[in-house]
Amino acid sequence: MTSAKRLAILTSGGDCPGLNAVIRAVVSHATLSYNWQVLGIPYATQGLLDGQAMPLSMHGLDLRGIDPLLSMGGTILGTINKGDTLARADEVLANYQALGLEALIGVGGDGSLAILNQLAVQGNWQFIAIPKTIDNDVALTERSIGFDTAVNTIVDAINRLTFTASSHDRVMVVEVMGRTAGHLALQAGIASGADVILIPELPYSVKDICAHLAELRDRWKRRFAIVVVAEGIHPTGDYSQGASETRPSCSMGQYIANEIMACSAYPVDVRVSVLGHIQRGGIPSALDRLLAASFGKAAVDLVAQGQSGQMVSWQNGTVVPVAIADVLAHSPFLVDPHSSLIQTARALGTYIGSL
Ligand code: F6P
């Protein structure tokens with residue numbers, strides 16, 4: 001065993017399922033394999049600004065001996081996705097030293113990792129990153145913690161909406177999260193058999209959407225349809241003109257619903273569901289737990305090896321370290337309009353727009 005070390009962990013940015021599972025993995029491996037002391041920083045960098053840290057013990061067992069961390073959504077450490085940390089970097093660096101921290105594992109998306117990495121460089125911290133985001137837009141990793149659960153949550157919601165849509169012969173528009181990336185819409189849309197998928201990476205035309213819906217109705221006798229809309233699509237639909245900065249005051253799902261009603265050659269009964277933060281909640285999927293366990297273990301090992309400035313990444317079914325600087329240079333990671341998933345969606349009859 002190596003000498004005791006004070007390792008800190010924080011979760012930063014929007015929460016997602018799997019954060020507690022990764023905290024559990026880090027604490028277990030650091031304690032069992034290295035006998036280190038692990039401290040949790042509450043509310044990400046806000047905790048460092050406030051000079052706060054709490055000891056984390058290996059098993060947060062409940063009264064019946066169950067470890068709730070594996071299956072609990074959210075983060076027991078709390079998190080923030082805004083703040084003026086960099087403007088107050090001196091205070092953060094001073095508090096980090098005062099707490100006697102020797103290494104930091106930061107769990108976050110690309111925005112959080114950029115801030116944490118800058119602080120780590122300034123403070124000469126030993127820093128390892130773990131990617132998490134339901135948007136799956138962190139570059140150089142095929143998966144981030146939280147994405148798989150969110151996809152499953154959306155698929156479950158669309159399954160439910162499909163039955164009510166079919167009962168009432170309705171077009172059901174489902175808006176999903178993802179910021180500037182369409183991974184959630186694309187993967188959940190394919191997995192739930194959506195008829196239309198609109199993503200920020202591919203231009204679309206409302207005329208073509210309506211023609212597709214008419215074909216479903218006239219040729220295939222389909223009396224309902226499911227339209228998945230990523231929150232980050234551009235209102236113009238014509239992305240060659242550059243993204244319009246004028247966003248409608250309503251949700252993009254409602255906007256597309258209005259456009260379909262205005263453009264359709266026949267009367268359509270349209271309803272809109274904005275899934276919102278439901279996509280961030282819930283019990284982590286088995287895949288997200290596997291990712292959390294693998295990432296947590298690998299991050300602790302990187303600390304033990306004296307590495308810094310690295311992010312653990314999932315590539316070809318295994319965990320590999322990549323330089324955080326490279327990750328940030330290539331983020332956000334967007335959907336490749338020529339990817340096989342796009343071709344698969346089209347081959348199965350989904351309207352998804354085109355370049
Ligand atoms: O980045 C994760 C995410 O859930 C995005 O998909 C979404 O646009 C955003 O966070 C919502 O942020 P907030 O929780 O601040 O509303």
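Author: The place of Asn-136 is the loop between strand 5 (127-131) and helix 5 (147-168), where helices (H or I, at least four residues) and strands (E, at least two) are DSSP runs, numbered from the N terminus. This is a predicted model, in which local features need pLDDT of at least 70 and side-chain atom pairs count only at pLDDT 80 or more, while totals for chains, interfaces and linings use all residues. Residues are numbered from 1 along each chain as its sequence is written, and side-chain values use heavy atoms, with hydrogens and water left out.

Reader: What makes the phi of Asn-136 worth a remark?

Author: Phi of Asn-136 is near 55°, a positive value in a residue other than glycine.

Reader: Which residues are around the ligand?

Author: They are Asn-81, Ile-134, Asp-135, Met-177, Gly-178, Arg-179, Glu-231, His-277 and Arg-280; a residue counts as near if one of its heavy atoms lies within 4 Å of the molecule. By class, this shell has two nonpolar, three polar and four charged residues. Asp, Glu, Lys and Arg count as charged, Ala, Val, Leu, Ile, Met, Phe, Trp, Tyr, Cys and Pro as nonpolar, and the others, Gly among them, as polar.

Reader: What makes strand 3 and strand 11 edge strands?

Author: The open sheet of seven strands has the order 3-2-1-4-5-10-11, with mixed pairing. Strand 3 (54-55) and strand 11 (318-323) each pair on one side only.

Reader: How do you know that strand 10 and strand 11 pair?

Author: Two strands pair if DSSP finds at least two bridges between them. Strand 10 (residues 310-315) and strand 11 have six bridges in the antiparallel sense, and therefore meet the criterion. Ser-313 stands opposite Val-320, and Val-312 has Pro-321 as its bridge partner. Their hairpin has two residues between the strands, and Asn-316 takes a positive phi near 50° there.
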